[in-house]
Amino acid sequence: MESGNHSCGTEFTLVGLFQYGHMDTFLFTLIAILFAVALMGNITLVLLIRLDRRLHTPMYFFLSQLSIIDMMYISTTVPKMAANFLSDTKAISFLGCAVQTFVFLTLGGSEALLLGFMSYDRYIAICQPLHYPVLMSRKICCSMVAGAWSSSSINAFMHTVYVFQLPFCGSRMVNHFFCEVPSLLPLVCEDTSQYEHTVLVSGLAILLLPFLAILASYARVLVVVLQMGSGKGQSRAVSTCSSHLTVASLFYVTTLSTYTQPHSLHSPGRDKVVAVLYSIVTPVLNPFIYSLRNKEVMGALRRQMG
């Protein structure tokens, strides 16, 4: 198999969702609609939280950060994906592929950690309400967000630098609709089994640990909620936590299935379907799950609309 020294001028080819270009027009229309809905939903949620003082709480501060991440997340993949639907070449430069990989890993890691912090916020609010103003002060919340961004950026930088210094072979056809580490490894000319262990450890640390923390937090929250005497308090707490758990489960289960499996078990077709769920569907659903099932957000929307 022919190998070559790569440089910033070398291109990759993104196969896309369907290798032979079937349904391009339908997919372009569908992806464009989902992209517009995701942007409008997340922008609306960010503006509501910014404009309504009743939403100036730690929970909504984290939610605004989640919406910002989701807007950037879907913007990292969809514009290039949509452009490739209309293009004959479907090429992406070496540098463009590296940047896309780095940004996608950074945003994915940040969202994984942020969802964990959001569950911690709900745990403190429901299980230790008297300590909430101290444990969830604005300084602590900002430190959490900064920690999520910085740690995920460092992790993404290390993986991106390592992967893109490896020798790539052959036609450099990436059997995916964007540049992602698992889809790039099959193009590498040397054994990557040791590096795959590193990917597994990173996936467990950034994805599985926060997910387990979320499950543990909500198990404790459920016990406390069931002990409440107020039916109204129970329904409100369950509604808030169930919305968060729905989003978290969709995101973590799909990303874990991609980043914790060895290369030999990956299927390009399945990987692309799973990637659609965590890179496109989740950013679309997040603002609606949090807003339509949240009376405070809906109240803020009504107030802003007069």
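The side chains of Asp52 and Arg303 come together in a salt bridge, with 2.9 Å from N to O. Asp52 sits in the loop between helix H1 (24–51) and helix H2 (58–85), while Arg303 belongs to helix H10 (residues 295–304), so this pair ties together parts that are 251 residues apart in sequence. Please keep in mind as you look around that this is a predicted model.

**Charged pairs**

How many salt bridges does the structure hold? There are two.

| Residue | Relative accessible area | Class |
|---|---|---|
| Asp52 | 5% | buried |
| Arg303 | 36% | partly exposed |
| Asp121 | 0% | buried |
| Arg122 | 14% | buried |

Asp52 counts as buried because its relative accessibility of 5% falls under the 20% cut-off. Arg303, at 36%, is partly exposed, because its value lies between the 20% and 50% limits.

**A nonpolar patch and its helix**

Now let us turn to the surface. Ile154, Phe157, Met158 and Val161 form a nonpolar patch there, and together these residues have about 430 Å² of accessible area. One of them, Ile154, is placed in helix H5, which covers residues 138–163. Ile154 has a relative accessible area of 53% and is exposed, because exposed residues are those over 50%.

How is helix H5 placed against helix H7? Two packed helices are described by the angle between their axes and the distance between the axes. The axes of H5 and helix H7 (residues 193–226) come within 12 Å and cross at roughly 165°. Angles over 145 degrees count as roughly antiparallel, so H5 and H7 are roughly antiparallel to each other. The crossing in which H5 passes H7 is left-handed.

**A stop at Thr246**

Our last stop is Thr246, found in helix H8, which covers residues 231–259. Is Thr246 buried or partly exposed? With 42% relative accessibility, Thr246 counts as partly exposed. Thr246 can also be placed relative to Leu207: the two are 39 residues apart in sequence, and their C-alpha atoms are 16 Å apart in space.

Technical notes
Residues numbered from 1 in each chain as written. Predicted model: local features only at pLDDT ≥ 70, side-chain atom pairs only at ≥ 80, totals over all residues. Heavy atoms only, no water. Patch = residues over 30% accessible without salt bridge, like charges linked within 9 Å, V, L, I, M, F, W, Y side chains within 5 Å. Areas by Shrake-Rupley, 256 points an atom, 1.4 Å probe, with all protein chains shown as cover. Salt bridge = Lys/Arg side-chain N within 4 Å of Asp/Glu carboxyl O. Helix = DSSP H or I, 4+ residues; strand = E, 2+ residues; numbered from the N terminus. Buried < 20%, exposed > 50% of the residue type's maximum accessible area, 1.4 Å probe, protein only. Axes fitted to C-alpha atoms, helices over the stretch in contact; angles between N-to-C directions. Parallel < 35°, antiparallel > 145°, perpendicular 65-115°, else oblique. Left-handed = near helix turned anticlockwise from the far one by under 90°.
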